[in-house]
Amino acid sequence: MEGASGSLLEVRDFAIRYGKKQTVQGVGFSLAPGEVLSLVGESGSGKTSVIRALLGCLGGGGTICGGAALFEGRDLTQLSEEAWKKLRGRELSMIFQDTGAMLNPVRKIGSQFIEYILLHTHSIKTKEEARKRCCTLLGRMNLANPESILGAYPFELSGGMRQRVGIAMALAFHPKLLLADEPTAALDVTTQAQIVAELLRIVRESGTAMILVTHNIGVAACVSDKILVMSGGRVLEYGATQDILHSPKSDYTKKLLASVPTLGGRRYVE
Ligand SMILES: Nc1ncnc2c1ncn2[C@@H]1O[C@H](COP(=O)(O)OP(=O)(O)O)[C@@H](O)[C@H]1O
Ligand SMILES: [Mg+2]
């Protein structure tokens, strides 16, 4: 089901405050099913606040103090906790900079992942079936030996592998929308590029829409259909990726684009 406008998500005039301090205002954008939007902007510009607010989990006493976020026509800002429980993880899912750190350190990956699958998938009834499903999901994230991953504790895996496990879990139920907050920022550059490529392949294959928060406008240019540039809690620029790359309006966006390194004489974003 889609909203009246045909979009999966329609954010209008969003405003967020922490205590008396209003930190986000007038943020609006829309996302069609399967579309990828990148949120770009300096640290403190409000990117994390926007996507946490969408998922109903603002920290630090933050509240949404204006606007609406229509997900298939339903306003996420008005949902009951009960309604959220049905949506989170299933229709909307989120990955963080260190999603792997959310794994319980004293339990093997397998027991956590299998329990997660059994709890949420009515069609899977036995541990054996759930284990097979976990292996398929881990394989999709290019994790070569899923059985050994399931038998490992989180600390036995590298940061990149843990993050791949976290992403596999977030995508387990084919969410319609994935919110990814700098999902590779804690990893080395090569691993970052691989994981972003894997993530993009999976969301494209499964038709999952994604909002990707990234510092790197070069990455945004490569992966997204649309880009929204934020500064000081407001939208500085928003539009189709090609338009932003070829005719950026704000000086800030121009500066970001100019800072993208060139590779063999060609800019990464071209
Ligand atoms: N937990 C919090 N408590 C109080 N203020 C916060 C909290 N998180 C964010 N803020 C405020 O919101 C602003 C934007 O933060 P954030 O959304 O994390 O930006 P970004 O993800 O772009 O770095 C911060 O500068 C700060 O003023
Ligand atoms: Mg952030």
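Biologist: Why is the pair E198 and R164 called a salt bridge?

Modeller: In this predicted model the closest N and O atoms of E198 and R164 are 3.0 Å apart, and a salt bridge asks for a side-chain nitrogen of Lys or Arg within 4 Å of a carboxyl oxygen of Asp or Glu, so the pair qualifies. Local features need pLDDT of at least 70 and side-chain atom pairs count only at pLDDT 80 or more, whereas totals for chains, interfaces and linings use all residues. Side-chain values use heavy atoms, with hydrogens and water left out, and residues are numbered from 1 along each chain as its sequence is written.

Biologist: What makes domain 1 and domain 2 separate domains here?

Modeller: The bounds come from an automatic or database domain assignment, which gives domain 1 as 1-91 + 177-270 and domain 2 as 101-174. Between these two domains the count is one salt bridge.

Biologist: How do you know that the domains are in contact?

Modeller: Contact means heavy atoms within 4.5 Å, and 13 residues of domain 1 meet that condition with 14 residues of domain 2.

Biologist: What is the buried area between the domains, and which residues of domain 1 lose the most?

Modeller: Counting the accessible area (1.4 Å probe) that both parts lose on being put together, summed over both, the domains bury about 1300 Å², 58% of it on carbon and sulfur atoms. In domain 1, R90, E198 and I202 lose the most area to domain 2, together 39% of what that side buries.

How values were computed:
Chains are lettered from A and ligands numbered from 1 in the order in which they are written. Buried area is the accessible area (1.4 Å probe) that two parts lose on being put together, summed over both.
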